Amino acid sequence: MSQSPSPDLAARVARLEAIEEIKALKHRYLRACDAKDPEEFRACFIASGASIDYGRLGAFDDAEGMVTVFEAIALRKVDGRNVVLDMHHAMHPDITVHDGTRASGRWTLKFRQVNLEDGTESVSTGEYDDDYVVEDGRWKMARCHFRRHWTITRPLGPGCRVDQATGQGAARPG
């Protein structure tokens with residue numbers, strides 16, 4: 001005779017599934033940043049009214065404003081080469097599921113950027129403070145605030161060579 005899972009077990013499983021879906025959302029967001037993909041970047045936020053505050057990059061009451069800034073920085077090219085190369089690594093997720101449609105989370109970011117126009121490399125760290133909601137059946141960011149802790153910026157040396165992949169978009173598994 002088969003018994004259905006207890007409500008407590010079902011709720012615990014649903015909470016764990018929500019946490020994993022939120023982690024996947026944040027990873028899609030970070031991957032979109034590094035792949036210079038404004039459409040996927042935008043898709044990670046709610047349709048309207050997202051609260052975004054990225055400190056020096058600006059604060060916005062909708063994702064569209066941040067997408068405009070993202071495009072201006074990430075898509076800038078000189079002589080057919082990207083000027084800014086980014087690498088975002090978020091770690092130490094601390095996600096709280098409040099109910100079936102609302103959650104909040106904190107992440108530590110390790111960020112590395114090469115700016116070929118300025119001839120610099122920067123390494124930074126800081127904290128994301130996010131709120132998530134379910135919209136159209138998927139978790140989305142409703143709030144994403146970032147607070148930088150510190151940055152080290154150093155010049156790229158005269159012997160430094162930066163190679164870039166050619167072609168559009170990031171490689172995707174087949």
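These notebook entries record what I looked up in a predicted model.

**Conventions.** I number residues from 1 along each chain as its sequence is written, and I use heavy atoms for side-chain values, leaving out hydrogens and water. Because the model is predicted, I require pLDDT of at least 70 for local features and count side-chain atom pairs only at pLDDT 80 or more, while totals for chains, interfaces and linings use all residues.

**Entry 1: annotated span.** I consulted UniProt, where an unreviewed entry places the feature "domain: SnoaL-like" at residues 15-144; such annotations may be inferred rather than shown by experiment. I find the end C-alpha atoms of residues 15-144 to be 21 Å apart, and the span to be 30% helix and 46% strand. Helices (H or I, at least four residues) and strands (E, at least two) are DSSP runs, numbered from the N terminus.

Entry 2: Leaving aside residues up to four places away in sequence, I list F41, C44, F45, Y54, Y128 and M141 as touching Y29, where contact means heavy atoms within 4.5 Å.

**Entry 3: salt bridges.** For accessibility, buried means under 20% relative accessible area, exposed over 50% and partly exposed in between (1.4 Å probe, protein chains only).

In helix 1, E20 and K23 are three residues apart, and therefore separated by about one helical turn. Their salt bridge has an N to O distance of 3.3 Å. E20 is partly exposed at 47%, as is K23 at 24%.

K26 and D130 pair with their closest N and O atoms 2.7 Å apart. K26 lies in helix 1 and D130 in strand 7, so the pair ties together parts 104 residues apart in sequence. I note 0% relative accessibility for buried D130 and likewise 0% for buried K26.

R42 and E64 approach to 2.5 Å between their closest N and O atoms. This pair links helix 2 (residues 38-43), which holds R42, with helix 3, which holds E64, 22 residues apart. R42 is buried at 15%, whereas E64 is partly exposed at 42%.

Finally, I recorded a network of salt bridges linking R112, E121 and R154.

Key
A salt bridge is a side-chain nitrogen of Lys or Arg within 4 Å of a carboxyl oxygen of Asp or Glu.
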